[in-house]
Amino acid sequence: MADNIARVFAAAIAPDPAQPLLTWYDDATGERTELSGATLANWVAKTANLLTDEVAAGPGESAGALLPPHWQTAAVLLGCWSAGLVVADAPGPVEVLFAAADRVAKADAWPAAERYALALAPFALPLREVPAGFADYVVAVRAHGDHFTPYAAGGPADAELLGRAAARVAELGLTRGDRVLLDVTAHPDPVDWLLAPLVAGASTVLCANADPARLPARAETERVTRTLA
């Protein structure tokens, strides 16, 4: 059983880092963003460097993520796990908090030394107005290095999360090389939309605010092999 999320991510992109790994659609805004394995790895490395260099967070410490499924959420979560942090699943004190701009009102339940807000806007645009007490994640993360060497040992929660992901791979029937179209409203758990495809060696087409009428044509255009709508 794999026990290190950073190694699972590295193994998933190793065969061809230039191939699409995560494609994001939002049918409410018309956004389409495609990330290769190499591009997502760059965002992950920058996030892990932000955590270690700017936040001074280390293995075993905790992060909060008040974030919906999104490609930037994937970068944040994988960055946290690469740096050995535990992503808390319940409110409480954390070393660092990442919050979508429309969820910062819930931040009081997550006391944190450092707080970053995300606009989750197309083209990774920064916030028009940064909430008080927060830094803009997109602005902050871009100042950090493009490479990060994950810790040899996985984070304290890695084995449990990867065990759950492996079980979902079996339940969902995912196989290596699959291209999975996934409605994130129906599958909001990152174990489903992020970790299970990585464990399987699959790529994903994530759809937010999915318009059912658009999905068949999208599946054909994106060469989808599995649909989890």
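Guide: Start at Tyr 137. Set aside the neighbours within four places in sequence. Tyr 137 is then in contact with Trp 43, Thr 47, Gln 72, Ala 75, Val 76, Phe 98, Tyr 116, Ala 117 and Leu 118. Keep in mind that this is a predicted model.

Two of these names come back when we turn to the cores. The largest nonpolar core has 62 residues. Tyr 137 is among the four that touch the most other members, along with Leu 51, Leu 78 and Phe 98. Phe 98 is also one of the contacts of Tyr 137.

Ala 117 leads elsewhere. This residue belongs to a second, separate core of nine residues. Val 94, Leu 97 and Leu 127 are also included there. Yet Ala 117 is in contact with Tyr 137.

Now step back to the whole chain. Seven helices and 10 strands make up its list of elements. Of its 229 residues, 52% count as buried. Take the contacts between residues at least 6 apart in sequence: 69% of them join residues at least 24 apart.

What about overall shape? The C-alpha atoms fill a box of roughly 45 × 40 × 30 Å along the principal axes. The radius of gyration is 17 Å, which agrees with a compact globule, because one of 229 residues would have a value near 17 Å.

The accessible surface comes to about 10,100 Å², and 54% of it belongs to carbon and sulfur atoms. The chain carries 16 positive and 27 negative side chains. The centres of the two sets lie 5 Å apart.

Terms used: Residues numbered from 1 in each chain as written. Predicted model: local features only at pLDDT ≥ 70, side-chain atom pairs only at ≥ 80, totals over all residues. Heavy atoms only, no water. Core = buried A, V, L, I, M, F, W, Y, C linked by side-chain atoms within 4.5 Å. Buried < 20%, exposed > 50% of the residue type's maximum accessible area, 1.4 Å probe, protein only. Contact = heavy atoms within 4.5 Å. Helix = DSSP H or I, 4+ residues; strand = E, 2+ residues; numbered from the N terminus. Rg over C-alpha atoms; globule rule 2.2 N^0.38 Å. Areas by Shrake-Rupley, 256 points an atom, 1.4 Å probe, with all protein chains shown as cover. Lys, Arg positive; Asp, Glu negative; His and termini not counted. Charge placed at Lys NZ, Arg CZ, Asp CG, Glu CD.
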